[in-house]
Amino acid sequence: MLIVHHLGLSQSDKVVWLCEELGLDYELRLYDRDPVTRLAPAEYKALHPAGTAPVIQDGDVTLAESGAVIEYILAKYGKGRLVAAPDAPNFADYLYWFHFAPGTMQAAMLVEIVLSIVGATDGAASALKARSENGFRMLEERLGQVPYLAGEEFTAADIMNLFTLTTGRLFVPRDFTDFPNIRAYVRRVMDRPACQRALAKADPGLTIPVD
Ligand SMILES: N[C@@H](CCC(=O)N[C@@H](CS)C(=O)NCC(=O)O)C(=O)O
């Protein structure tokens, strides 16, 4: 059976969400972050050399890296659901926004965390910080044009991006007052029953930033 190892308050919540969307039979194992470092505990780090969430196990396969994990589950068990096919007009959009989450936004969030730890405020720090600002502006613009990131339909590109707009803000606070399209989008995708089920299973009792 597919085993999803979920680290609390982490982007492995997107794997739980995908499994719920697809109606898969899976086993969920929960881990708390170290209360002091807020990093993964030793037993989570032992699952995969990367030492980061998400990690899944499926038979002999142990896989980390969020994009790889989501693509693996979609390819093995998705039956064509939640993806844009190569011949679909929005295929390039699907790919772009799918990879936008780990490739741009989460990298930018990590940079912001490091900058705040070292207290850097110089020009280089500002230029690096501008990356996430630019990313949020791009998301706001895109979501003013289409209801979902890949276009008219909800896809795995949306599953990839929600963490940055919600739980990720517990680590890097971000005010979306001036981003009405992002706020409406977050409510739209979080209203999905599978998303609600995933949040209740992955981080029970957690109130995550929505607006
Ligand atoms: N590029 C990796 C990044 C994974 C990552 O940094 N995960 C965070 C959770 S959001 C983590 O494991 N943090 C705890 C730690 O580093 O110990 C991916 O997309 O899976």
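At roughly what angle do the axes of helix α1 and helix α8 cross? In this predicted model, local features need pLDDT of at least 70 and side-chain atom pairs count only at pLDDT 80 or more, while totals for chains, interfaces and linings use all residues. Residues are numbered from 1 along each chain as its sequence is written, and side-chain values use heavy atoms, leaving out hydrogens and water.

The axes of α1 (residues 13-22) and α8 (residues 193-202) cross at roughly 135 degrees and come within 8 Å. Helices here are DSSP runs (H or I, at least four residues) numbered from the N terminus, and axes are lines fitted to C-alpha atoms over the stretch in contact, with angles from 0 to 180 degrees between N-to-C directions. The angle makes α1 oblique to α8 (under 35 degrees is roughly parallel, over 145 roughly antiparallel, 65 to 115 roughly perpendicular, the rest oblique). Asp-13, Val-16, Trp-17, Glu-20 and Glu-21 of α1 meet Ala-194, Cys-195, Arg-197, Ala-198, Lys-201 and Ala-202 of α8, where contact means heavy atoms within 4.5 Å. By class, this contact has 6 nonpolar, no polar and 5 charged residues (Ala, Val, Leu, Ile, Met, Phe, Trp, Tyr, Cys and Pro are nonpolar; Asp, Glu, Lys and Arg charged; the others, Gly among them, polar).

Turning to the ligand, its surroundings include Leu-7, Arg-33, Lys-45, Ala-53 and Ser-66, each with a heavy atom within 4 Å. An oxygen atom of the ligand lies 2.5 Å from a side-chain N or O atom of Ser-66. For the side chain of Lys-45, the distance from a ligand oxygen to an N or O atom is 2.7 Å. A polar backbone atom of Ala-53 is 2.8 Å from a ligand oxygen.

Conventions
Helix = DSSP H or I, 4+ residues; strand = E, 2+ residues; numbered from the N terminus. Polar contact = N/O pair within 3.5 Å; in protein donor to acceptor, adjacent residues only side chain to side chain.
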